[in-house]
Amino acid sequence: LNGTVFSGSIFAVMLVIVNALTRVLAEMLTNFENPKTNLEFKKSLITKLTVFKFMTGFGLLYYSAFIQQPAQGGCGDVSCEERTANLLRGTFIGMIIINNLMEIGLPCLIRLYRMIVGFFTKCCYGDSEDYESPLEQQLHSDAYSGTLDDYDELINQIGFTTFFVPFFPIAPALAILNNFIEVQVDSTKILWV
């Protein structure tokens, strides 16, 4: 039981890495297509991301839930349903935690790095301007990357809750809880990070 949940957590970490790589691949393929308009570019990119997400994110769970039993005659000493539920539990909860930590933690680390570099620059080179007005802070902050990443998280969540709810019935409740947390995380990200 714990081994499968741990495997699901490791799978969640791997999914974050694979999703970042497939995002780069999807953008490269879409740029190679050279769509005529920005709307066509976004539609093509979203289609590729959704297909890649289904193959990478739900492939192992789909195999464990529906294919492994008929193909191999079972899942070893545990039922395939129990194995899928444990994998899904680790993966779903792991993805919620990792995505929210990255959404807040990574920009905070970048901001901390910039503050440290700015401090040493001012200290070593004698820059006399210490104060930045809120307007200047907004000017120097990173631009909002758009809603594609936010909707990408929702695609994950919807997939986990609709495809595999028989194996993990608490997933919709966790998805609702995650949505409440996500509202706070996104508002914090937009306002402060």
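What follows is a conversation about a predicted model.

Colleague: Why is Asn 34 called exposed?

Modeller: Asn 34 has a relative accessibility of 58%, and since exposed means over 50%, the residue counts as exposed. Its place is in the loop between helix H1 (2-33) and helix H2 (38-57).

Colleague: What is the phi of Asn 34?

Modeller: Phi of Asn 34 is near 55°, which is a positive value in a residue other than glycine. Most residues other than glycine have a negative phi.

Colleague: Why is Phe 54 counted as partly exposed?

Modeller: The relative accessibility of Phe 54, a residue in helix H2, is 40%; buried would mean under 20% and exposed over 50%, so Phe 54 counts as partly exposed. Together with Val 51, Met 55 and Phe 163, Phe 54 makes a nonpolar surface patch of about 380 Å², and the largest share of that patch, three residues, comes from H2.

Colleague: How do you know that the span of helix H6 agrees with its number of residues?

Modeller: Helix H6 (residues 148-163) has 16 residues, which at 1.5 Å a residue should span 22 Å, and because its end C-alpha atoms are 22 Å apart, the two values agree.

Colleague: Which residues does Phe 160 touch, leaving aside those up to four places away in sequence?

Modeller: Phe 160, one of the buried residues of H6, touches Gly 57, Phe 58, Leu 61, Leu 88, Thr 91, Phe 92, Met 95 and Val 165. In the largest nonpolar core, which has 20 residues, Phe 160 is among those that touch the most other members, and the largest share of this core, seven residues, comes from H4.

Conventions: Residues are numbered from 1 along each chain as its sequence is written. This is a predicted model: local features need pLDDT of at least 70, side-chain atom pairs count only at pLDDT 80 or more; totals for chains, interfaces and linings use all residues. Side-chain values use heavy atoms; hydrogens and water are left out. Helices (H or I, at least four residues) and strands (E, at least two) are DSSP runs, numbered from the N terminus. Buried means under 20% relative accessible area, exposed over 50%, partly exposed in between (1.4 Å probe, protein chains only). Patches are made of residues with over 30% relative accessible area and no salt bridge: like charges are joined within 9 Å, nonpolar side chains (Val, Leu, Ile, Met, Phe, Trp, Tyr) within 5 Å. Accessible areas come from the Shrake-Rupley method with a 1.4 Å probe; for residues, only the protein chains shown count as cover. A salt bridge is a side-chain nitrogen of Lys or Arg within 4 Å of a carboxyl oxygen of Asp or Glu. The expected span of a helix is 1.5 Å times one less than its number of residues. A nonpolar core is a set of buried Ala, Val, Leu, Ile, Met, Phe, Trp, Tyr and Cys residues joined through side-chain atoms within 4.5 Å. Contact means heavy atoms within 4.5 Å.
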